[in-house]
Amino acid sequence: MPFLYSLAVSVAKAITPAVATSAKAKAFILGRKALWTQLENIPPNKKVVWMHCASLGEYEQGLPVLTALKNKYPTYFYLVTFFSPSGYEARKNHGIADLATYLPWDTKADVNRFLAQVNLVMALLVKYEFWPNLILALQRKDVPLFLISGLFRQNQRFFKPWGYSQRKLLCEFTHLFVQNDDSLKLLQSIGIQQVRISGDTRYDRVGASKTPLPFMESFVGNRKCVIAGSTWPEDEAVLLEAIAQTPSDWCWLIAPHEMHEDKLLQLMTKLPKESVRYSQSKTSAFTNCPVLVLDTVGMLNRCYAYGSIAYVGGGMGRSGLHNILEPAAEGIAVVIGKNYQKFPEAKALIDLGGVISITSADDCTNQVLILMQNDRLRNEKGQVNAAFVTRNQGATEKTISLLNQHL
């Protein structure tokens with residue numbers, strides 16, 4: 001199995017440049033070529049703490065831990081890598097990491113080259129990141145390896161009869177921090193003992209203070225606002241009728257997950273004609289427009305503070321539900337799509353009544369209009385969400401308490 005895996009990765013590395021046609025795929029290729037030059041910027045005498053994230057969501061999950069480490073150990077060099085171009089582009093210039101770049105291909109040659117260039121003293125993988133050649137190489141170099149905010153389910157390969165090689169990878173971790181009791185019990189059932197429940201570090205991240213956004217103050221004004229965050233076309237399709245029936249004292253901010261120009265143009269043709277795009281208009285044009293499309297990255301989490309209702313995207317398709325904790329922390333009611341079963345925070349908040357799951361465009365319109373018309377109901381749901389976030393904070397402190405022993 002390890003041989004077949006390494007062969008498959010080597011083949012993928014060889015053929016991907018030839019078949020990459022989209023901008024995202026090309027960025028994936030070019031980013032990994034630039035990686036080696038970027039790593040040369042790390043001072044050779046610096047000890048490196050490295051955090052790897054698949055994309056932006058995982059980065060936000062790991063950031064509280066990285067921030068706490070940097071505050072306590074400022075002399076180390078902090079490296080962040082991404083698998084996805086969307087995560088890298090959004091956070092490549094973020095101030096916490098000393099360097100943000102791409103994860104190398106998980107071939108033995110690239111992994112060894114990476115570890116030879118970087119003087120690692122600690123490696124942090126966030127949530128779902130399990131790269132066999134990388135994990136085994138870290139073990140051979142005696143680099144302490146930790147999983148941050150891990151989440152495990154029965155249907156994952158680790159718990160299948162044929163998953164021996166995958167289970168063996170988990171043994172190589174110095175420690176695994178997991179979000180809940182189900183994950184703990186699953187790991188213990190296959191003999192993994194270096195594990196503890198820390199909770200989800202995202203709760204600490206969303207609870208942090210944020211700087212204001214003057215353009216949102218101008219846009220919302222005396223109106224109330226629905227913040228539709230990280231939407232995909234499947235989400236936008238169910239929102240259109242609700243937007244069309246929105247009262248004049250309400251407005252919408254839509255922040256698509258992907259910023260492809262053709263998709264943005266298509267979206268604009270479906271919205272009320274007075275709608276504007278953030279990047280193509282002056283702030284003065286925002287004041288009375290019914291819908292503002294936020295066609296830039298990095299500001300959505302601060303926009304939720306100006307909302308009275310949030311719709312969080314990803315749940316109407318198969319791309320995966322995006323972060324509902326950001327609007328929940330702001331104490332507003334949240335609406336999501338129908339596919340949320342892999343997200344424990346969504347299941348918990350639906351049970352508590354703070355989040356509403358919709359299944360169709362009609363359902364979405366009905367639920368959103370009810371929330372718009374019922375201040376008491378809307379506020380109650382927001383209070384449920386804010387209290388839930390507060391109760392679940394503290395994962396970073398639990399994680400750091402053990403990491404301190406390895407630095």
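How do strand E9 and strand E11 pair, and over how many bridges? This is a predicted model. Select residues 250-256 for strand E9 and residues 291-293 for strand E11: the two run in the parallel sense and are joined over three bridges. Within this pair, Trp252 stands opposite Val291 of E11.

Now widen the selection to the sheet around them. Seven strands make up an open sheet with parallel pairing, and their order across it is E10-E11-E9-E8-E12-E13-E14. Go to the edges by selecting 276-277, which is strand E10, and 355-357, which is strand E14; each of these pairs on one side only.

Next, select residues 375-391, helix H17, which packs on the sheet. The helix touches strand E8 (224-231), E9, strand E12 (309-312), strand E13 (333-336) and E14. Looking along E13, you will find the direction of H17 at about 85° to that of the strand. As a check on the helix, its 17 residues should span 24 Å at 1.5 Å a residue, and the end C-alpha atoms are 24 Å apart, which agrees.

Show the side chains of Arg378, Lys381, Gly382, Asn385, Phe388 and Val389, the buried residues of H17. Turn the view to look down the helix axis: the buried residues fall within an arc of 125°, so they line one face. An α-helix has 3.6 residues a turn, so residues three or four places apart point the same way. On the face turned away from the buried side, select the exposed residues Arg376, Gln383, Thr390 and Arg391.

Finish at the start of H17 with Asn374, where a side-chain oxygen comes to within 3.3 Å of the backbone nitrogen of Arg376.

Notes: Residues numbered from 1 in each chain as written. Predicted model: local features only at pLDDT ≥ 70, side-chain atom pairs only at ≥ 80, totals over all residues. Heavy atoms only, no water. Pairing = 2+ DSSP bridges. Helix = DSSP H or I, 4+ residues; strand = E, 2+ residues; numbered from the N terminus. Contact = heavy atoms within 4.5 Å. Axes fitted to C-alpha atoms, helices over the stretch in contact; angles between N-to-C directions. Expected span 1.5 Å × (residues − 1). Buried < 20%, exposed > 50% of the residue type's maximum accessible area, 1.4 Å probe, protein only. Arc of directions from axis to C-beta. Polar contact = N/O pair within 3.5 Å; in protein donor to acceptor, adjacent residues only side chain to side chain.
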